Amino acid sequence: MKLAIALTLVTLTLFCSPASTEVCLNFVHVIENLFMGTLSSYEAALEPFSPEEDMKNAGAQLKMLVDTLPQKAQDSMIKLTAHGGQTSF
């Protein structure tokens with residue numbers, strides 16, 4: 001289930017519509033902080049989406065899980081996300 005959440009977040013980043021540029025930019029900021037930021041920077045990046053308390057807790061758990069991934073896996077996810085942003089649909 002936790003892996004499914006991570007994959008959902010990455011998928012949303014890959015297929016974000018140009019019509020919602022502001023939301024997409026904020027979401028990309030969330031993903032960047034998920035893989036490269038601190039827990040507090042990740043939580044701050046989520047704030048524009050006004051998450052409820054249980055969503056904040058789930059996000060914190062996700063960040064802590066991502067932080068346990070080997071650095072190579074984190075780097076690969078970042079590359080995948082960057083590659084998806086360069087693809088036109």
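Q: Among contacts in the protein between residues at least 6 apart in sequence, what percentage join residues at least 24 apart?
A: Contact here means heavy atoms within 4.5 Å. The model is predicted, with local features needing pLDDT of at least 70 and side-chain atom pairs counting only at pLDDT 80 or more, while totals for chains, interfaces and linings use all residues. Residues are numbered from 1 along each chain as its sequence is written, and side-chain values use heavy atoms, with hydrogens and water left out. Among contacts between residues at least 6 apart in sequence, the share joining residues at least 24 apart is 52%.

Q: Which pattern does the protein follow, read along the sequence?
A: Helices (H or I, at least four residues) and strands (E, at least two) are DSSP runs, numbered from the N terminus. The protein has five helices and zero strands, and read along the sequence its pattern is α-α-α-α-α.

Q: At what angle do the axes of helix H3 and helix H4 cross, and is H3 oblique or parallel to H4?
A: Axes are lines fitted to C-alpha atoms, for helices over the stretch in contact, and angles run from 0 to 180 degrees between N-to-C directions. The axes of H3 (residues 39-46) and H4 (residues 53-68) come within 10 Å and cross at roughly 140°. Angles under 35 degrees count as roughly parallel, over 145 as roughly antiparallel, 65 to 115 as roughly perpendicular and the rest as oblique. The crossing angle is therefore roughly 140°, which makes H3 oblique to H4.

Q: Which residues in H4 are met by Leu39, Tyr42 and Glu43 in H3?
A: By class, the contact of H3 with H4 has four nonpolar, one polar and two charged residues, where Ala, Val, Leu, Ile, Met, Phe, Trp, Tyr, Cys and Pro count as nonpolar, Asp, Glu, Lys and Arg as charged, and the others, Gly among them, as polar. On the H4 side, Leu39, Tyr42 and Glu43 meet Gly59, Ala60, Leu62 and Lys63.

Q: Is lysine 63 buried or exposed?
A: Lysine 63 is found in helix H4. Not counting residues up to four places away in sequence, lysine 63 touches Asn33, Leu34, Gly37, Thr38, Leu39 and Tyr42. Because its relative accessibility is 1%, lysine 63 counts as buried.

Q: What is the relative accessible area of asparagine 33?
A: Asparagine 33 lies in helix H2 and, leaving aside its neighbours within four places in sequence, is in contact with Thr38, Ser41, Tyr42, Ala45 and Lys63. Asparagine 33 is buried, with a relative accessible area of 10%.

Definitions and conventions:
Buried < 20%, exposed > 50% of the residue type's maximum accessible area, 1.4 Å probe, protein only.
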